[in-house]
Amino acid sequence: MIARPLDLDAVKAFVCVAELGSFTRAAQAMQTTQAAVSLKLKRLEDRLGLRLVERTPRYVELSAHGVTFLEHARELLAAHDRALGAFAGTRQRLTIGISDHVAGPELPALIARMNAQDPELLIEVRIGSSGDLLQSFDRRELDTVIARLDVGRSDGEVLTEEHLGWFAAPHWQHRADEPLPLATLALPCGVRALAGRLLDAAGVPWREVFVGGGVASVASAVMAGLGVAALAPRMLPFGAVDVGVRLGLPDIPRLPVLLHTRVKEGRAHDALVALSAAFRSVARG
């Protein structure tokens, strides 16, 4: 007797839940409802006769069977995509600009998530400042930009709002008689401009001691003990501490991260939906 084949949509739902750790985010990535994802997963579990996911009110966790099945599920979906790709003709391209303040250490996982959504989609990613990337977007050099809220623009979809703090090395001490030493990105960095305005408004003297070409270099300057930087916690090496309260520095408002895109349909749009869901997952922890 030939065994009844697996439902590929149900397998895809399981992989999305496993990778995103949430039925809600999986539903966003698949452009469906949470109830539909739950039903697909239930049917897959019934077909296999195994419990794949342990559900609790606070989190989603794979069972031992789920961990084992996940690798096979990914291989099955990849084989399916390769089979379709063999007859797809010219590969579609999606060019994405991601702000350096947004592209954190999770970027490889986000790119992998998009590739898993559509292995035959050619993805081009550029990292830069929000202002430069949005100018490229307006010149139609980029299909999509993910960046922090830029003054004067209202054409993006809010993906998340992210907390920033004033971070320093764990043993760094500020000399009270000296201006606050600040490590920043070069202008026109919006976070750098915001930090300066907040410090000025609070009457906190400051001076730049390091200007980096990327967030990684700024984070390195912080951990080297050069001074303080306004950054999101996920962008920093382990051990950096928020010194804002101790130094009486002004609170930094939560900053929206927006998706600007002209891609409204097709395979590239499906990949962007998957990217957006995955980004919300990592940004909110």
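In this predicted model, five strands come together as an open sheet in the order β4-β3-β5-β12-β6, and the pairing is mixed. The edges belong to β4 (122-128) and β6 (157-162); each has a single partner strand, so one side of each is left without a neighbour in the sheet. Going from one strand to the next, the twist averages 15°. Inside this sheet, β5 (residues 144-148) and β12 (residues 255-261) run antiparallel and are joined by 5 bridges.

A second open sheet has 3 strands, in the order β10-β7-β11, and here the pairing is antiparallel. Its edge strands are β10 (229-231) and β11 (241-242), each of which pairs on one side only. Strand β7 (residues 165-168) and β10 are linked in the antiparallel sense over 3 bridges. Within that pairing, G165 has L231 of β10 as its bridge partner. This sheet has a helix on it too: α8 (residues 215-223) lies across β7 and β10, and α8 runs at about 130° to β10.

As for the overall layout, the protein is divided into domain 1 (8-86), domain 2 (93-162 + 256-283) and domain 3 (165-252). Note that domain 2 is written as two segments, 93-162 and 256-283. The C-alpha centres of domain 1 and domain 3 lie 41 Å apart.

The axes of α1 (residues 8-20) and α2 (residues 23-30) come within 8 Å and cross at roughly 125°, which makes α1 oblique to α2. The crossing of α1 past α2 is right-handed. On the α1 side, the contact is made by D9, K12, A13, C16, V17 and L20, and on the α2 side by F23, R25, A26, A29 and M30. Sorted by class, that contact has 8 nonpolar and 3 charged residues, with no polar ones.

Helix α1 also packs with α3 (residues 34-48), at an angle of about 110° and with the axes 8 Å apart. That angle makes α1 roughly perpendicular to α3. This crossing is left-handed. The residues that meet are D9, A10, V11, A13, F14 and V17 in α1 and V37, K40, L41 and L44 in α3. The class tally for α1 with α3 is 8 nonpolar, no polar and 2 charged residues. D9, A13 and V17 of α1 turn up in the contact with α2 and again in the contact with α3.

The remaining pair to describe is α2 with α3. Their axes come within 8 Å and cross at roughly 100°, which makes α2 roughly perpendicular to α3. From α2, the contact draws on F23, T24, A26, A27 and M30; from α3, it draws on Q34, V37, S38, K40 and L41. By class, the contact of α2 with α3 has 6 nonpolar, 3 polar and 1 charged residues. On the α3 side, V37, K40 and L41 meet α1 and also take part in the contact with α2.

Key. Residues numbered from 1 in each chain as written. Predicted model: local features only at pLDDT ≥ 70, side-chain atom pairs only at ≥ 80, totals over all residues. Heavy atoms only, no water. Pairing = 2+ DSSP bridges. Helix = DSSP H or I, 4+ residues; strand = E, 2+ residues; numbered from the N terminus. Contact = heavy atoms within 4.5 Å. Axes fitted to C-alpha atoms, helices over the stretch in contact; angles between N-to-C directions. Parallel < 35°, antiparallel > 145°, perpendicular 65-115°, else oblique. Left-handed = near helix turned anticlockwise from the far one by under 90°. Nonpolar A, V, L, I, M, F, W, Y, C, P; charged D, E, K, R; others polar. Domains from an automatic or database assignment.
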